[in-house]
Amino acid sequence: MKKFLLKLGELVCVVLLGLFIAYVCVQDNVSTEPFEKVKEAVVSVASADGLTERDALEIKKKLSLEGDEYTDFLCLSSDSVMDVRELMIFKAGDADAVRNISGKIEAYVKEKTAIFEGYAPEESSMLSAHILTGKKGYVLFYVGDSPEAVAAAFSQSL
Amino acid sequence: MVFSSAAFLFLFLPVTLILYFIRLFPSNQARETAKKNFVLLAMSLVFYAWGEPFYVLLMALSIVFNYFIGFDIEYHREKPKKMKCILVFGIAFNLISLGFFKYSGFVVDSINSFFSLDIQFTAPGLPVGISFYTFQILSYIVDVYRGTVAQKRLVPFAAYVTMFPQLIAGPIVQYGDIEKQLNERYISREKFAAGIIIFIKGMGKKVLFANTVGAFYTQISELEITSVSAATAWIGIICYTLQIYFDFSGYSDMATGLGKMLGFDFIQNFNFPYTAKSITDFWRRWHISLSNWFRDYVYIPLGGNRVGAVRHILNILVVWALTGMWHGAAWNFIAWGSLYGVLLIVEKYLLKNILPKIPSVFRWAGTMVVVMIGWVLFSKESFSEAVDYIKAMLCLSGNAFFDSSAMYYISTAGLSIVIMSLSALGYFAKMPRIKNYRFNVITTAVGYTLVFLLCVIYLISETYNPFLYFRF
Amino acid sequence: MEKENFNDELKDEILTDAEATELVVPEKSEETVAVEDEGQSDAVAEKIDETDAADKEAPVSEKKPKPKGRVIFTLFITFFCLLIGFLSVYGFVTPDREFSENESRLLAKMPEFTLNGVLDGTFMKSFETYLTDQFPFRDEAILLKSIMERALGKREENGAYIGKDGFLFEKQTAFDGERMKVIADSINRFAQGKEALNTVFVLVPNSSFVYSEKLPDYLETENQKEQIDEFYAMLCEAIVKTDAVTPLLEAKAAHQVFYKSDHHWTTRGAFAVFEKIMESFGEEIAEEEFEFHTVSNDFEGTLKSKSPAQNTADSVEVCFPKNSQGTYFAEFSGEGNKKESLFFKEKLREKNHYEVFLGSNVAKVSVSTVLEGDRKLLVIKDSFANCLIPMLTPYFSKIVVIDPRYMTEGIDGIMNEDAFTDVLFLYNANTFFSDSVLTDVLGRNLI
């Protein structure tokens, strides 16, 4: 009897390991959710009032990101230089594209933070609390209030 | 969680020690030890989950599975063939788990570049400490198979695998070494005090030494490699050599100290490796627990040195390639390990008679040069970067031998490097002491308290606090 | 039952071999010797050491030597526990700080405890940052570390170089020729469209070049004069390029031209270059027409924050034309009212005394003077020009000062407001070489 239980226990563990591995493999598969849905979910939680929508030319200038490096995007930022709030959502495609975009956004944030460091503590604090995540073919970049809520909304919508 | 952090020192550790030492069963020693094991297990799981909230489940799964395997092997003791099958099954499970979570990305990348494919695969994040706890679990089931150990209760076994002092960064503890202590241990105040002292020593090595010299190495490594003078390159690699030693041995000391505070004695993991006078000697002093593990569980089962020369050489190469691979999922680590394998073979077979005739100073210098070049390979992300660096060291990349920048580093880092080198070579340990016992105890206590305060000061103001061996 | 030989535990640390063999603890009973718990005495009861009690009762004999120094171990352990306990409790009990003056940033707050945050580990990371930021005695700790590292020879701290005679230096920004070309082109385009304007461009070298002899030994830095000249060569003929290097190098013999603890130039340094600037505008200035007043003797600037252990402080002087009381009023963007002075005396009571000049960095300052005439000046600048603006007031009827980094509107709007006759670009090399907004403000290049 004991031997049977042992075998059963071992089998369950093997199955669980398999599930673990399978979960890790699929968790980053490209999401099938439509871009609109993700956009809505994020924008509803983000503090995006007063921000203007930007076009692809702006993206190219800010991040040196060409139009063919992503399939869909949303970029909101303020007209005032002192307002650091910003929201960017990219639908990228595969893991490489996600990495590429994330890298460029990281460099952009670093530069921006350097400008405000030492001069404007509120702004640089908000900048350093930014969210930058790449998941399931999407990239989210957000500077603003309650970044955790926005990140959660983003993850859940995927 | 990292030992050298405020959260660990001022929150986790006090809470754990209080829970550990509160006496629930004053008259029953066995129950008291069981309670200690339970507290250790619970707090270790919290410790691990703090850094890996998801992968703590993987570790728990491994523990439960291998616990079953242990029993299974024991039940089939009469049937050696079946027993072996079960052992293989258990080893396979552990290796697959380790292999997937640590090496899958590396394997896919290598296949892609070798066969010019483009398989899309996002490698899983490496669960911290997986190399360490997997090796410990493997040592357990193999020892059960060999009949040298057995543990019927889950809690002590789980406590062995998860115990937070050595979970993240070693030393790798073989179950046999600790079995007795799991079942009964005594913690005298001397042992606890010794634990504190060794812990502070380790923390000082990591926070005061490794981080400082590591910052200089980072500065130098960010310079344009073609314009770096040979002297600067050497200073850089000396900094890295010191950094990785104090980082890793510091962490091992912290683990040993914490272990002692909890009543466990771990084996020494480092024994002044930079005093070694040959590669063979070096590896008897560096990461001793890892070499021991490979010796006991790979080298000896493969036949060790009781076979013909050809097989012996093959054994060594296999063991060292694996050692390299254990350190990281990249080709330069495998190359680093294999390089040492080759050198060991050379020492054993070709230089066996020549070496003793060379004056020990030259043997030491030669060993150190080899070790440092090895670290270049270890530290760089790619072969070409490592080769570029070595070229700069040897003045082969068209650079100057010495320049003003090298002088700048000597004047700003020099004193630190000298102090740390003396320490690494053991001069401070071997200093003659005043022969008054009470005086020694007082100065030790005061001295280490100051070191501790200094570490805390550095920790609060430090933004640069990496641990190099954390890829495991 | 274990034979406790505490020498094994600590032999390497404190005992000589001779001592180690002398002291052998006799076999004890199986009691685990209790250890005193952490210093939170109200939460945990203290345990009594049973063996010690037993020892006291047993008769003292030759065969049972009492281990020496036992008490000291106990004291050491107690002290260590109390130390940790004290810091934990103290940190827990004292209220969180919001802002660090020394580091000029907001300190982390207690993170929100969310299930998501725990599951993906972000809560733990934020919590650790919070603990480090709010640790008791943080400022003192940073100061001590700074002192220690300097004693060991370290000369670079948080991006500042520690020089001689109390001088601190900002790291030099690299000169990127391509990037500079883009900026030069946009300035050229700006100047060419407006032939009637006198455009003067001034690029000021930094302290690390002017006071290079005070840099830490052996440190190699770029030659900013060469870099400035290289940039000047990219500007078109129409723009008058002013040499700021020579006046500064000449003036430093008589006065300190850069602050030791801050990256800005002193008012004396600004004055030396001011003469050259006005030459470019076709005016001769007479030194006697200006007065200097010291308004502070304990200015500790931005560089001192990066290296708190450097023992250094500066005096701040203001310079303005004589008899200039009430000769102008200034409007600052962001503040509705008009001020009669360009100096903000209240800033002298705060940490950054340099802000006495024009207050904190604002986008636009509009100065109207009583001077008749239609010379109107547009100044496009970074913070270096702040102490120099008051010196310009006798020469222009209107001065509009803009800092492109903080501007919300493009320059065309400003150009249309007034009929400017002169434009002055005034930047320091480090800020200018890393500029990323000027091109936009001047009007995007329309390729």
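When I speak of helices (H or I, at least four residues) and strands (E, at least two), I mean DSSP runs, numbered from the N terminus. What we have here is a predicted model, in which local features need pLDDT of at least 70 and side-chain atom pairs count only at pLDDT 80 or more, while totals for chains, interfaces and linings use all residues. Residues are numbered from 1 along each chain as its sequence is written, and chains are lettered from A and ligands numbered from 1 in the order in which they are written.

Chain A has 6 helices and 5 strands, and from the N terminus on these follow the order α-α-β-α-β-β-α-α-β-β-α. Its C-alpha trace spans about 75 × 35 × 25 Å along the principal axes.

Turning to the interface, 14 residues of chain A are in contact with 15 residues of chain B, where contact asks that C-beta atoms, placed from the backbone, lie within 7 Å. On the side of chain A that touches chain B, helix 1 (residues 2-26) gives the most, with 11 residues.

Where does helix 4 of chain B bend? The bend, of about 65°, is at B:Tyr103, taken as the angle between axes fitted to the seven residues ending there and the seven starting there. Just after this helix, B:Ser116 takes a positive phi of about 55°.

Key:
Contact = placed C-beta atoms within 7 Å.
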